[in-house]
Amino acid sequence: MTEALRIGNRAARRLWLHGNGLADAPGGPVDVMDMIGRLGFVQIDTIRNVTRAHHHILWSRNRNYRERQLWPLLKNRQLFEHFTHDASLIPMEVLPYWQRQFRRLGEKVSRADWYRSGLGQDEIRRIRARIAQEGPLSTHAFDTKAESREMWARPPHKKALDQMWYAGELATCHRENFIKFYDLGERVFPEDLRQCPGEEIAADWLCDAALDRLGMATVGEVQRFWDAMTAPEAKAWSERRRLVPLEVEGVDGTWRQAWGVADIEARLAAAEAVSSHLRLLNPFDPAIRDRVRMERLFGFAYRNEMFVPKDQRIWGYYVYPLLEGDRFVGRLELKADRAAGWMQVTGFWPEPRVKWTAGRLAKLERELDRFARLAGIQDVGWSVPRPV
């Protein structure tokens, strides 16, 4: 058996940040497709705290990015929208291998209680016929009502749209003011990309693509990257591939077995020192999506508390991790009113043993000013004491 390559903690952190586009100075020409391609996909989110998560994720990698640069890529068919861990924008080149997900998620949704309750095939046929005849329609074009007032209750037309969207029969044609417009999948997805090359080939391609973006990972982490396969399928992939065995050091000095890409040593050699910039990361940033992995590599414990009752929160509603170089130095909560043109720091928590010098605070102030400008905000203030 090949001896495992040992990767120390600092090297592992550098490799992880380089792979996530968070190691170099965040400037230069903006290539949105390149950024999304390197990440694999970008999660989109309905909540707009200052800016929506998808815009923030891209801006964190290149501060020249602007909100208007993303959605034309969906409309021009360079990206398609579907469900990974949540609604996401995915490069169109992934589409042939995603056909298995259309089938699987379509079947899964059709079996769900929330879907089956109060929905008939006639409703699906009527909605599909309207879209086929009238062209792209949003959910606002229909007027059926939910049968209950529960938070997650869906009206029948939304259930029908969801089921056809998950199954790939409908697709997101474009978005207007974040409102999704549905069209027939055959009119959105390029014809030459609509055929699945086979279940095993597709699973292997997705696993290969996941490990390529992770650089180093356990089989479970590969499986969870797209959230597109079962644990047995990921294990079968690992047995078909000749992977590089690794031992990766955690921040606490413990070592854990993992697998690496074939060119892992070249990537380690190329992963030079990380830029000392201080970055305000979004709670949905792919670099911190796996909270267990983040805490193991960086010693930074984080949870998203948006849906935690206020009296049970440790930090706050929408809390941003602060990454400086290759370590997390704190977290803060922001609130903003874009129409009124203001943004406020409403909570700040430094990490233990991190001294907030005047220089570090100046970095943070500059980052906040840049972030505010992304949202068209000029007035930035603090409603809690500054870290001095």
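# Close-up views of a predicted model

View 1. Met216 is buried, at a relative accessible area of 3% (buried means under 20% relative accessible area, exposed over 50%, partly exposed in between, with a 1.4 Å probe and protein chains only). The structure is a predicted model, in which local features need pLDDT of at least 70, side-chain atom pairs count only at pLDDT 80 or more, and totals for chains, interfaces and linings use all residues. Residues are numbered from 1 along each chain as its sequence is written, and side-chain values use heavy atoms, with hydrogens and water left out. Met216 belongs to strand S8 (helices are DSSP runs of H or I with at least four residues, strands are runs of E with at least two, and both are numbered from the N terminus). Lys363 lies 147 residues from Met216 in sequence and 31 Å from Met216 in space, C-alpha to C-alpha.

View 2. Rolling a probe the size of a water molecule over the atoms shows where empty space is left. Three cavities of 30 Å³ or more turn up in a search of the whole structure. A cavity is a set of points, on a 1 Å grid over the protein atoms alone, where a 1.4 Å probe fits but cannot get out; lining residues have an atom within 4 Å of a point. Grid points are joined across faces, edges and corners, and a volume is the space filled by probe spheres set on the points. The largest cavity holds about 80 Å³ of space. Its lining includes Met216, Thr218, Glu221, Val248, Arg256, Ala258 and Arg293. Strand S8 (216-217), strand S10 (255-260) and helix H14 (291-298) are the elements that give two or more residues to this lining. Five lining residues are nonpolar, two are polar and four are charged (Ala, Val, Leu, Ile, Met, Phe, Trp, Tyr, Cys and Pro count as nonpolar, Asp, Glu, Lys and Arg as charged, and the others, Gly among them, as polar). Where does the largest cavity lie? Domain 1 (5-12 + 199-271) and domain 3 (278-382) both give residues to its lining, so the cavity lies between them. The domain bounds come from an automatic or database domain assignment.

**View 3. Val248, on the cavity lining.** Val248 is one of the residues that line the largest cavity. Strand S9 (residues 244-249) contains Val248. Val248 counts as buried, at 11% relative accessibility. Ala258 also lines the largest cavity.

View 4. A pocket is an open set of grid points with protein on both sides within 12 Å along at least five of seven lines. The second largest pocket has about 700 Å³ of space. It is lined by 28 residues, and the closest to its centre are His18, Gly19, Asn20, Gly21 and Arg38. Helices H1 (9-19), H2 (32-39), H10 (199-214) and H13 (264-270) are the elements that give two or more residues to the lining. H2 gives the most, with five residues. The lining has 12 nonpolar, eight polar and eight charged residues. Domain 1 (5-12 + 199-271) and domain 2 (24-193) both contribute to the lining, so this pocket lies between them.

View 5. H7 covers residues 121-134. Its 14 residues reach 20 Å from first C-alpha to last, close to the 20 Å expected at 1.5 Å a residue (the expected span is 1.5 Å times one less than the number of residues). Which residues of H7 are buried? They are Glu123, Ile124, Ile127 and Ile131. Seen down the axis of H7, the buried residues fall within an arc of 100°, so they line one face of the helix. The arc is that of the directions from the helix axis to the C-beta atoms. Arg125 and Gln133 are exposed on the other side of H7. Gly135 follows the helix, with a positive phi near 95°.

**View 6. Two loop residues with positive phi.** Most residues other than glycine have a negative phi. Arg77 has a positive phi, near 70°. Arg77 sits in the loop between helix H4 (71-75) and strand S3 (79-83). Arg77 counts as partly exposed, at 23% relative accessibility. Asp227 is not a glycine either, yet its phi is positive, about 55°. Asp227 sits in the loop between helix H11 (219-226) and helix H12 (231-240). At 43% relative accessibility, Asp227 is partly exposed. Asp227 and Asp86 are 141 residues apart in sequence, and 9.4 Å apart in space, C-alpha to C-alpha.
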